[in-house]
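I opened this structure for the first time today and kept notes on what I looked up. The entries follow the order in which I went through it.

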Amino acid sequence: SIGYLLLSWVVIGLYYLSFAVGLTLVIRALGYRPRFRDIFKLSYATNLGKYLPGGVWQVAGKVALAKQAGVDRHAALVASVVESAVSVTGGLLLFLTTTLAGAPFPASWPRWPLYMLIVVIFVALQPQIFARVVRLAMRLLHVEGEPPHLRFGQTVWLVFYYAGTWLIAGAGFWLFT
């Protein structure tokens with residue numbers, strides 16, 4: 001259907017827009033005040049890097065182009081780590097929520113581990129624990145410096161925001177198929 005195809009393009013466009021808003025929120029949580037237009041350009045240009053072989057080009061692009069958006073390179077690298085952490089956590093939380101709300105799940109598997117995982121997620125979002133998780137990710141990626149110390153509310157808001165971006169992407173994919 002041409003209508004579904006066109007609507008899927010609109011929704012996927014909204015997904016890319018929401019992802020740029022998310023990057024703006026992460027960078028602002030780190031204390032920078034860039035213009036959204038600059039972060040949108042940075043997000044869109046570097047998002048193309050994920051389609052290149054190697055898997056590092058999206059982050060490398062953010063670091064290389066960060067100055068043009070008014071963000072120093074180290075902050076862009078740290079923002080990439082934080083963005084990945086909250087995006088993956090948001091996606092996992094969305095998966096757990098939809099599964100527990102009735103999405104297909106093997107009947108022979110117990111559901112209690114899913115509930116426990118939700119509890120673990122909210123414990124891991126506590127500022128001291130989240131900073132340690134980000135520090136570990138930074139160490140694995142050889143990123144020097146202190147991890148950002150986000151408040152619990154900021155981290156939870158970012159996780160829920162990114163869960164919403166996953167929902168938008170899923171809606172776009174559903175419309176497309």
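Predicted model: local features only at pLDDT ≥ 70, side-chain atom pairs only at ≥ 80, totals over all residues.

I then looked up the pairs, of which the structure holds 10. One of them joins Tyr 15 to Phe 19 in a tilted arrangement, with 5.7 Å centre to centre and 50° between the planes. Both of these residues belong to helix H1, where they sit four residues apart, about one turn of the helix, and I noted that Tyr 15 and Phe 19 are both buried.

A second pair, Phe 40 with Tyr 44, I recorded as stacked, at 6.1 Å centre to centre and with 20° between the planes. This pair lies within helix H2, and there too the two residues are four residues apart, about one turn of the helix. I noted the general rule behind such spacing: an α-helix has 3.6 residues a turn, so residues three or four places apart point the same way.

Helix H2 against helix H3. Next I looked up how helix H2 (residues 36–47) packs on helix H3 (residues 57–65), and found an angle of about 145° with the axes 8 Å apart. The crossing of H2 past H3 is right-handed. On the H2 side I listed Leu 42, Ala 45, Thr 46 and Asn 47, which meet Gln 58, Gly 61, Lys 62 and Leu 65 of H3. Sorted by class, this contact has three nonpolar, four polar and one charged residues.

I stopped at Val 56, which is in the loop between H2 and H3 and is partly exposed because its relative accessible area, 45%, lies between 20% and 50%. I also checked Val 56 against Leu 17, which is 39 residues away in sequence, and got 22 Å from C-alpha to C-alpha.

Inside H3. Which residues of H3 are buried? I found Gln 58, Gly 61, Lys 62 and Val 63, and the elements covering the buried residues of H3 include H1, H2 and H4. For Val 63 I set aside the neighbours within four places in sequence and then found contacts with Arg 73, Ala 76 and Leu 77. Leu 93 is 30 residues from Val 63 along the chain, and the C-alpha atoms of the two are separated by 28 Å.

Helix H7. My last entry concerns helix H7, which runs over residues 152–176 and so has 25 residues; from its first C-alpha to its last it reaches 36 Å, close to the 36 Å expected at 1.5 Å a residue. Its buried residues are Thr 155, Val 156, Leu 158, Val 159, Tyr 161, Tyr 162, Ala 163, Thr 165, Ala 169, Gly 172 and Leu 175. What covers the buried residues of H7 includes helix H1 (2–29), helix H4 (73–100), helix H5 (112–124) and helix H6 (127–140).

Key: Residues numbered from 1 in each chain as written. Heavy atoms only, no water. Expected span 1.5 Å × (residues − 1). Buried < 20%, exposed > 50% of the residue type's maximum accessible area, 1.4 Å probe, protein only. Contact = heavy atoms within 4.5 Å. Axes fitted to C-alpha atoms, helices over the stretch in contact; angles between N-to-C directions. Left-handed = near helix turned anticlockwise from the far one by under 90°. Nonpolar A, V, L, I, M, F, W, Y, C, P; charged D, E, K, R; others polar. Phe/Tyr/Trp six-rings, centres within 6.5 Å; stacked < 30°, edge-to-face > 60°.
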